[in-house]
Structures are given as structure tokens and as C-alpha cells.
Amino acid sequence: MCILNTGGFAVEEKSISKAVIKRLPRYYRYLGELIEEGIERISSNELSAKMRVTASQIRQDLNNFGGFGQQGYGYNVPYLYEEIGKILGLDKTHHMIIIGAGNLGQALANYVKFEKRGFKIVGVFDINPVLKGISIRGNGIRMMSELPEFLQKEDVQIAALTVPKSSAAEIAELLVQNGIKAIWNFAHLDLNVPKDVIVENVHLSESLMRLSYNLTVAEQKEEK
């Protein structure tokens with residue numbers, strides 16, 4: 001049984017649905033916006049109106065982690081923001097590398113908000129010798145031949161994979177062999193990795209197709 005410790009209470013990880021986990025970053029983002037607006041307290045009904053999630057769903061989601069509200073008071077926004085950050089592991093620094101220094105890889109490397117969320121990019125790798133040494137926000141692009149030695153020396157938890165489908169499986173295997181336990185996969189391929197390796201797939205084309213479907217349905221309704 002895996003226990004998730006969230007700084008003050010523990011909860012069985014297997015009891016938390018993927019749907020709840022998927023909503024946690026949204027809570028975190030909205031709460032961050034409330035803090036910027038100077039709001040210190042909010043009720044589940046008020047948060048529901050902003051997020052378009054029912055107040056009941058919000059309470060159920062947060063009760064998975066012990067609950068944070070007080071009847072008649074609501075939620076302390078800074079406290080809830082901090083606690084959800086701990087649940088998401090954002091109170092720690094995660095070292096991340098990027099494999100593939102094309103347009104997408106460089107865009108990720110240049111995204112400054114990663115470090116604000118605790119994700120520090122410590123290396124960028126590619127096979128193209130023309131790119132060798134080019135600096136992206138302080139990280140000089142390294143060649144793939146340097147990757148195994150780099151991973152043996154550096155404490156890296158996450159690898160972002162922004163490579164063509166044809167090379168994704170081979171590179172994923174190399175990453176696993178060298179101790180990577182979490183892969184952020186942008187390649188159009190479902191990776192076959194050991195069960196103890198976590199993969200988060202980001203298929204941009206699938207997201208665009210879902211958008212296309214919803215647009216088509218909306219247009220059909222307008223025609224009726």
C-alpha cells in the first residue's frame with residue numbers, strides 16, 4: 001500500500017482517482033490568481049463559480065486529502081494554495097532535462113514559469129551537431145552521446161521527450177537504463193516502460209482533434 005504524505009496528514013494514494021489528480025493543478029492555478037487579487041478567504045460556492053466545478057465536487061476532491069475548509073468560514077486561500085502545492089510536490093525542486101532541441105524543445109527550455117513551479121531545467125540534449133553549445137537560458141545544448149555520463153553525475157528526476165516518433169522508444173529505454181523515473185512524453189508514441197517509470201503523455205494533435213470535434217458539434221447545433 002502506497003501512502004502519500006502531504007505534510008500533516010497521510011492518504012492512501014490508490015484511493016485518489018485520476019480525475020481528482022487532474023483537477024488539482026486547476027485548483028492551484030485559480031488559488032494563485034486569487035492570491036494575486038488579494039483574496040484571503042473563499043467559499044466552495046464562490047470557488048465553484050470561478051472554476052465551473054460544483055461546490056460539492058470541490059469539497060469531495062479536497063476531502064480526499066483531509067479537507068481544508070471550516071463551516072461558515074470557507075477556505076483560507078494562501079493556506080490551501082500552499083497545501084495543494086505540497087500535494088503536487090511543488091514545495092520541492094525537480095531537476096529536469098529536455099531531449100530534443102527543436103522548436104518545441106527550445107520553447108520548453110525558454111518557459112520561465114517552470115522554475116517558479118520548482119522544475120529546474122539542468123540539461124538540453126540533441127543529435128544535431130550544428131546545435132552543440134548553443135545556450136538556452138544558461139543551458140548549452142549537449143550531444144546525446146553525453147547523456148549517459150550526465151545522468152550518472154547529475155540528480156535528474158524528469159526527462160521531457162520532444163523527439164520524433166521513430167527515435168522515442170530507443171531514447172526512452174536509454175533514459176530508463178540510466179535511472180530516469182518520470183518521462184514527459186511529447187512524442188506521438190505510447191512508450192513501453194517498466195511499471196515503476198511514470199509517463200505523462202502530451203499528444204498535441206489529439207488535443208487539437210478533440211477541439212475540432214467540439215467545434216463541429218457546436219456548429220451542428222447552430223445549424224439546427
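The following exercises, each with a worked solution, concern a predicted model.

Residues are numbered from 1 along each chain as its sequence is written. Because the model is predicted, local features need pLDDT of at least 70 and side-chain atom pairs count only at pLDDT 80 or more, while totals for chains, interfaces and linings use all residues; side-chain values use heavy atoms, with hydrogens and water left out.

**Exercise 1. The annotated binding site**

Task: State where UniProt places the feature "binding site", and determine whether Gly100 is buried or exposed.

Solution: 
- Step 1. The unreviewed UniProt entry places the "binding site" at Gly100, Ala101, Gly102, Asn103, Leu104 and Gly105. UniProt positions are in the numbering used here, feature names are shortened, and annotations may be inferred rather than shown by experiment.
- Step 2. Of these residues, Gly100, Ala101 and Gly102 are included in the lining of the second largest pocket. A pocket, on a 1 Å grid over the protein atoms alone, is an open set of points where a 1.4 Å probe fits, with protein on both sides within 12 Å along at least five of seven lines; lining residues have an atom within 4 Å of a point.
- Step 3. Gly100 lies in the loop between β5 (94-99) and α5 (103-109). Helices (H or I, at least four residues) and strands (E, at least two) are DSSP runs, numbered from the N terminus.
- Step 4. Gly100 has 5% relative accessibility and therefore counts as buried. Buried means under 20% relative accessible area, exposed over 50%, and partly exposed in between (1.4 Å probe, protein chains only).
- Step 5. Leaving aside residues up to four places away in sequence, Gly100 touches Gly105, Phe125, Asp126, Thr162 and Val163; contact means heavy atoms within 4.5 Å.
- Step 6. Gly102 also lies in the loop between β5 and α5, and is partly exposed at 35%.

**Exercise 2. Aromatic pairs**

Task: State how many aromatic pairs the whole structure holds, and describe the pair of Phe68 and Tyr79.

Solution: 
- Step 1. A search of the whole structure finds six aromatic pairs. Rings of Phe, Tyr and Trp (its six-membered ring) pair if their centres lie within 6.5 Å; planes under 30 degrees apart count as stacked, over 60 as edge-to-face and the rest as tilted.
- Step 2. Phe68 and Tyr79 are edge-to-face, at 6.2 Å centre to centre with 65° between the planes.
- Step 3. Phe68 is in the loop between α3 and β4 (75-76) and Tyr79 in helix α4 (residues 77-87), so the pair ties together parts 11 residues apart in sequence.
- Step 4. Phe68 is buried at 11%, whereas Tyr79 is partly exposed at 39%.
- Step 5. Ring pairs also link Tyr111, Phe114, Trp184 and Phe186 into a cluster.
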